[in-house]
Amino acid sequence: MQIRSMHFKARAGQKLADVVLQENLRKAKSKFVDMRALAIAELDDFEATREAAKVLRDRTLNDLDLWLERFELEATRRGATVLWAKDGAEVCQRVVDIARRHGVKKVTKSKSMLSEEAGLNEALEAAGIQPVETDLGEYILQINDNEPPSHIIAPVFHKRREEVSALFARVHQLAPKTEIEAMTREAREVLRPHFLSADMGISGGNFLVAETGSVALVTNEGNGRMVTTLPRVHVVVTGIEKVIPTLEDLATLMRLLPRSATGQSISNYFSLLTGVKQADEQDGPAHMYFVLVDNGRADLVGGEFAEMLRCIRCGACMNHCPVYQAVGGHAYGWVYPGPMGSVLTPLFAGIENAVDLPQAATLCNQCGVVCPVKIPLPDLLRRLREKQVEQRLRPVSERLTLKLWAWMALHPALYALATRIGVRYLKWLAGGEDRIRILGVAPEWTLGRDFPAPEGKTFRELYGQRNRV
Amino acid sequence: MRVGLFVTCLVDMMRPRIGFSALKLLEAAGCEVTVPATQTCCGQPGYNSGDRASALGLAKKVLAEFEACDYVVAPSGSCAGMIRTHYADLAKDDEALAARMARLSAKTYELSDFLTNIAKLESVPGNFQGSITYHDSCAGLRELGVKAQPRALLAKMPGVSLTEMPGAEECCGFGGAFSVKFGEISAAIAERKCEGIRAANADAVVLGDLGCMLNIEGKLRRMGDEKTRVLHLAEVLAGDTEDKF
């Protein structure tokens, strides 16, 4: 996907001014937050499960190459083909090659964020292959002129029912429906012929199980099953960090993933797909491929951002993020929004291409608290800010202000004088009121709120006076 | 016990009375309080902006000023959190310094945490009459576990009725430099916070951090709310809530 993260601030401003979006975001927010809170309360010991998940993810990632080799061996043994892609372009090339080899004209897809990273739909279309998104949310976006998703598990988080109703009526040329159930039925009827006529299905993968060579898929709509079992070719496109050693490990992570994502104890569908259709089996593809993607992940192994690789893509961090709740996912400008996106986007798409994202956080740590694999997201955002300073990506004015502040704070006498003058100036600016309505030194503050006036003297001068009396 | 009061830069500049309230409370709890005269800033602005060198310089200064105290107390979860959870990381390249920082961190407390769990303050001097809703500031809550402590202290005041607001644990949108780098987003988050505060319909919103205080008061007033008072916990507990200035 083309990156637009450098325009974060301008886009965020547009999103804040979008009355419809603001209402949608407010409605959607509490649903995810409240349902997760209820779902994690079902576990006897949520914190111990989190810790176990963190440990198992770290242990696997420390030997990532070995577990990937094991996965390749087991998947190959069961008739699948494992291919590797170092970046988005290679993903597109591998998938188009597979499609051509099998004479594929049409592809059904279930949700895959990696396919967004790679821009796979455009590549398929350019090769004359029709991609059909079958996840309801992704389908809505595709027929809406390939709009990008705004959330990693709820791609149309930003849309309300009325917008979808109008879109369906226009694209499907049918009478507008008002009930969600009726709209879903309509989408199903439109999609069914595609499911039956597609030659190839592309899915993502929530986890790869090394000991069995399987891919685990967590879905709620059932489209994932149709995509992975009906066509003669199934291609799994997923990141190399998704591998875990055993089915036991999968059970641990599955206690956390649906609960953290949608607040479900278990998703409506959970598929564990292993190898091609055997002689004694009725369903399944004749050909199964794994395209396992690096695209910046391998460089993170063992480094200062390695903890980010633990991410299981549940979306809890964005659901609980005050900034995401205020501006929605599109403002972030690439595939992954919210706190995890603000870490991944600079790492995958270039730190200089997403300078605002690590800064656009209050570091409130609500994300770190809810993360099911205990990724210290605020620490990683802070570390990215350090990289920006090291690489001189911050504006000169900001660098000078910080240096000046630190220098003054190291010289107490000078600091005392400067703060005395400063607070008197602010008091004067308030003009006898208890607030400053326009603050010239920090104009952004007073765009949307007042700045309370200081009392007029510093604690240190008052304390000094008191002790002299 | 000898307690060093870390006033914090925002209290020093914006609300000195809160510093005196904190002093009064610590003395009421039987502490011998020292206020190092050269103290300035804990280094958090630099630390959170990626300028580790500046932050480390200030951390060393705080260490020198407060190392001799039995405890360090700040009327701020944010500054206490900076010292308690981040100083050791700042000094990690120097083993001896990191060990000294770790000792400083271990004896540094947010005011309400200290009064409740260390000084075990029995009765509070203040006599506030009215309803209060408490805003949990992010660093106090999520770095230091400050949640029950301020409520336990307020419960010692017979005239106070506590009404919880929806989303008490949600960020107010301040975020330090974030509030001026992304002013519109910051103000939008503050608006939601203030809607929650107003839903509690209390006489005052009480909190333990100056950043949140300035942000919330500024937003409430801009929204036209002239009625809801915005008070620091120390002022309420110390009985310093009459308008003096």
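The centres of domain 1 and domain 2 of chain B, taken over C-alpha atoms, lie 22 Å apart in this predicted model. In the domain assignment, domain 1 of chain B covers residues 2-118, and domain 2 of chain B covers residues 130-238. Contact between the two domains involves 27 residues of domain 1 and 21 residues of domain 2. About 1,900 Å² is buried between domain 1 and domain 2 of chain B, and carbon and sulfur atoms give 67% of this area.

Two salt bridges are counted between these domains of chain B. Glu235(B) and Arg17(B) form a salt bridge in which the closest N and O atoms are 3.0 Å apart. Eight residue pairs are in polar contact between domain 1 and domain 2 of chain B, with both residues at pLDDT 80 or more. On the side of domain 1 that touches domain 2, at least two residues each are supplied by helix 1 (9-13), helix 2 (16-28), helix 5 (77-90) and helix 7 (111-118) of chain B. Of these, helix 5 of chain B gives the most to that side of domain 1, with eight residues. By residue class, the side of domain 1 that touches domain 2 of chain B comprises 11 nonpolar, 10 polar and six charged residues.

Chain B also meets chain A, with 61 residues of chain B in contact with 63 residues of chain A. The two chains bury about 5,600 Å² between them, 60% of which is on carbon and sulfur atoms. Six salt bridges are counted between chain B and chain A. Arg222(B) forms a salt bridge with Asp450(A), where the closest N and O atoms are 2.8 Å apart. Several helices of chain B each supply at least two residues of the side that touches chain A, among them helix 4 (52-66), helix 8 (138-144) and helix 12 (210-222). Helix 11 of chain B gives the most to this side, with nine residues. The side of chain B that touches chain A divides into 25 nonpolar, 18 polar and 18 charged residues.

Within chain A, His330(A) is found in the loop between helix 14 (322-327) and helix 15 (338-349). His330(A) counts as buried because its relative accessibility is 13%, under the 20% cut-off. The side chain of His330(A) reaches the backbone oxygen of Pro148(A) at 2.6 Å. Beyond its neighbours within four places in sequence, His330(A) is in contact with residues including Arg11(A), Lys15(A), Glu147(A), Pro149(A) and His158(A).

How values were computed:
Residues are numbered from 1 along each chain as its sequence is written. Chains are lettered from A and ligands numbered from 1 in the order in which they are written. This is a predicted model: local features need pLDDT of at least 70, side-chain atom pairs count only at pLDDT 80 or more; totals for chains, interfaces and linings use all residues. Side-chain values use heavy atoms; hydrogens and water are left out. Domain bounds come from an automatic or database domain assignment. Contact means heavy atoms within 4.5 Å. Buried area is the accessible area (1.4 Å probe) that two parts lose on being put together, summed over both. A salt bridge is a side-chain nitrogen of Lys or Arg within 4 Å of a carboxyl oxygen of Asp or Glu. A polar contact is a pair of N or O atoms within 3.5 Å; within protein, one must be able to donate a hydrogen and the other to accept it, and residues adjacent in sequence count only if both atoms are side-chain atoms. Helices (H or I, at least four residues) and strands (E, at least two) are DSSP runs, numbered from the N terminus. Ala, Val, Leu, Ile, Met, Phe, Trp, Tyr, Cys and Pro count as nonpolar, Asp, Glu, Lys and Arg as charged, and the others, Gly among them, as polar. Buried means under 20% relative accessible area, exposed over 50%, partly exposed in between (1.4 Å probe, protein chains only).
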